[in-house]
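Subject: Structure for you to look at

Hello,

Here is the structure I promised to pass on. Please open it beside this email and follow along.

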Amino acid sequence: MAQILLFNLSQDKLRRLRPLALRLGLSCRAVPPTEFDKSLAALCGRAEDAAAADGEDALDVPGEMLVMDGLSAPQFHGLLDGLRRERATVALKAVVTESNARWSAARLYRELSAEHEAMEKLRGKSIHRT
């Protein structure tokens with residue numbers, strides 16, 4: 001089943017996101033900090049990929065993150081549009097792939113944070129050039 005994993009979202013965002021997920025036919029799961037060391041595949045319930053995360057020791061996921069698994073194109077676009085409409089945006093979003101399925105939530109968070117920071121720097125430079 002298509003699903004979204006939610007990390008550190010406020011109760012307000014969870015309250016606005018759950019009905020949206022339901023309308024789109026998505027399972028919605030708030031992941032507790034005690035599970036941040038599990039692989040993304042394990043968090044998604046993939047028994048064949050449920051091995052421990054690939055050597056990640058750090059369990060720190062200090063901010064919000066949304067991870068999507070198995071969404072169809074209409075579900076994916078509906079979710080992103082709905083998040084904007086509901087004013088429940090989450091800066092760090094990812095899709096579970098073959099490449100990152102064995103990563104821990106903490107590793108994914110670090111990777112997304114670095115990408116987000118790089119994009120913000122580029123965005124800032126392009127604004128100053130115009």
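Below is what was found in it, topic by topic.

**Model and confidence**

Please keep in mind that this is a predicted model. The chain has a mean pLDDT of 88. Of its residues, 85% reach 70 or more. Confidence is highest in strand β3 (residues 65-69), at 98. Confidence is lowest in helix α4 (residues 105-129), at a mean of 84.

**Overall layout**

The chain holds four helices and four strands. Start at the N terminus and read along: the elements run β-α-β-α-β-α-β-α. The chain has 130 residues, and buried ones make up 39% of them. Now take the contacts in the chain with a separation of 6 or more: residues 24 or more positions apart account for 75% of these.

**Strand β1**

Begin with β1. Five of its five residues are buried. In a regular strand, side chains alternate between the two faces of the sheet. Look at both sides of β1. Gln3, Leu5 and Phe7 are on one side, and Ile4 and Leu6 are on the other. Each of these residues is buried, so both faces of β1 are covered. β1 also has a partner: it pairs with β2 in the parallel sense, over four bridges. Within this part, Gln3 stands opposite Ser27 in β2.

**Helix α1**

Next comes α1, residues 11-23. This helix has 13 residues. From its first C-alpha to its last, α1 reaches 19 Å. That is close to the 18 Å expected at 1.5 Å a residue. Which residues of α1 are buried? They are Lys13, Leu14, Leu17, Leu20 and Ala21. Note that a lysine is on that list. These buried residues pack against β1, β2, β3 and α3. After α1 comes Gly25. Its phi is positive, near 75°.

**The aromatic pair**

The structure holds one aromatic pair. The partners are Phe7 and Phe36. Their ring centres are 5.5 Å apart.

**Salt bridges**

How many salt bridges does a search of the whole structure find? The search finds nine. Here are some of them.

- Glu35 and Arg29: the closest N and O atoms are 2.3 Å apart. Glu35 has a relative accessible area of 16%, so it is buried. Arg29 is at 26%, so it counts as partly exposed.
- Asp81 and Arg84: the closest N and O atoms are 2.6 Å apart. Both residues lie in helix α3, three residues apart, which is about one turn of the helix. Asp81 is partly exposed, at 37% relative accessible area. Arg84 is at 52%, so it counts as exposed.
- Lys121 and Glu117: the closest N and O atoms are 3.7 Å apart. The two are four residues apart in helix α4, so about one helical turn separates them. Lys121 is exposed, at 53% relative accessible area. Glu117 is at 48%, so it counts as partly exposed.

There is also a network. Salt bridges that share partners join Asp12, Arg15 and Arg16 into one.

**Arg46**

Where is Arg46? Look in the loop between α2 and β3. Arg46 has a relative accessible area of 22%, so it is partly exposed. Leave out residues up to four places away in sequence, and Arg46 touches Ala41, Asp69, Val96 and Ala101. Take Ala101 from that list. Arg46 and Ala101 are 55 residues apart in sequence. In space, their C-alpha atoms are 9.5 Å apart.

Please go through the topics in this order with the structure open.

Best wishes

Definitions and conventions
Residues numbered from 1 in each chain as written. Predicted model: local features only at pLDDT ≥ 70, side-chain atom pairs only at ≥ 80, totals over all residues. Heavy atoms only, no water. Phe/Tyr/Trp six-rings, centres within 6.5 Å; stacked < 30°, edge-to-face > 60°. pLDDT = per-residue confidence, 0-100. Expected span 1.5 Å × (residues − 1). Buried < 20%, exposed > 50% of the residue type's maximum accessible area, 1.4 Å probe, protein only. Contact = heavy atoms within 4.5 Å. Salt bridge = Lys/Arg side-chain N within 4 Å of Asp/Glu carboxyl O. Pairing = 2+ DSSP bridges.
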